[in-house]
Amino acid sequence: DNNILKLDTVDPIYINKVDRPVGEYDVQKVIEGMCSFNGHCIVQTMFMRGEGVCNTGEEFVAPWLDTLKLIAPQQVMIYTIDRETPVKGLLKASHETLDAIAARVEALGIKCSVSY
């Protein structure tokens, strides 16, 4: 009954580089689909850092927050890398970074949980 939907960023270049979708992927259509749940959804986002793949900077977080306002989910779950990755050089986002992002989500009036 929980619609848990993944959205690591709204930047198409980052999505193609990190998530590597197969076939055509349109992040705006994905966001429209998320909006169709009328708030009855949970958005799950993984933050990480590494050479050329850091989505913890303001240029990624601010548009993601704007999108959360649009989707208006009942909750957001943020987390970081938990196990070895297929690409070397990827690092966990720090506890401080995740906590700061979570505080910004909660400032929007959206419940946010953090997993380190």
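The chain holds four helices and six strands, where helices (H or I, at least four residues) and strands (E, at least two) are DSSP runs numbered from the N terminus. Starting at that end, the elements follow the order β-α-α-β-β-α-β-β-α-β. This is a predicted model, in which local features need pLDDT of at least 70, side-chain atom pairs count only at pLDDT 80 or more, and totals for chains, interfaces and linings use all residues. Residues are numbered from 1 along each chain as its sequence is written, and side-chain values use heavy atoms, with hydrogens and water left out.

Let us begin with the overall form. The C-alpha trace spans about 40 × 35 × 30 Å along its principal axes. A compact globule of 116 residues would have a radius of gyration near 13 Å, and the 14 Å of the chain agrees with that; the radius is taken over C-alpha atoms, and the globule rule is 2.2 Å times the number of residues to the power 0.38. Of the 116 residues, 38% count as buried, meaning under 20% relative accessible area, while exposed means over 50% and partly exposed lies in between (1.4 Å probe, protein chains only).

Now look for strand β4 (residues 75–79). Four of its five residues are buried, so β4 is largely enclosed by the rest of the structure. Strand β2 (residues 42–46) pairs with β4 in the parallel sense over five bridges; two strands pair if DSSP finds at least two bridges between them. Along this pairing, V43 stands opposite V76 in β4. Strand β6 (residues 111–115) also runs parallel to β4, joined to it by five bridges, and here I78 stands opposite V114 in β6.

Next comes the largest pocket, with about 440 Å³ of space. Its lining has 19 residues, and M46, M48, T85, P86 and L90 lie nearest the centre. By class, nine lining residues are nonpolar, two are polar and eight are charged. Helix α1 (residues 12–19) gives the most to this lining, with three residues.

Finally, visit two loops. Most residues other than glycine have a negative phi. R20, in the loop between α1 and α2 (27–35), has a positive phi near 50°. R20 is exposed, with a relative accessible area of 56%. In the loop between α2 and β2 sits N38, whose phi is also positive, near 50°. N38 is exposed too, with a relative accessible area of 71%.

Note on methods: 1 Å grid on protein atoms, 1.4 Å probe; cavity = no way out; pocket = protein on both sides within 12 Å on 5 of 7 lines; lining within 4 Å. Points joined across faces, edges and corners; volume = space filled by probe spheres on them. Nonpolar A, V, L, I, M, F, W, Y, C, P; charged D, E, K, R; others polar.
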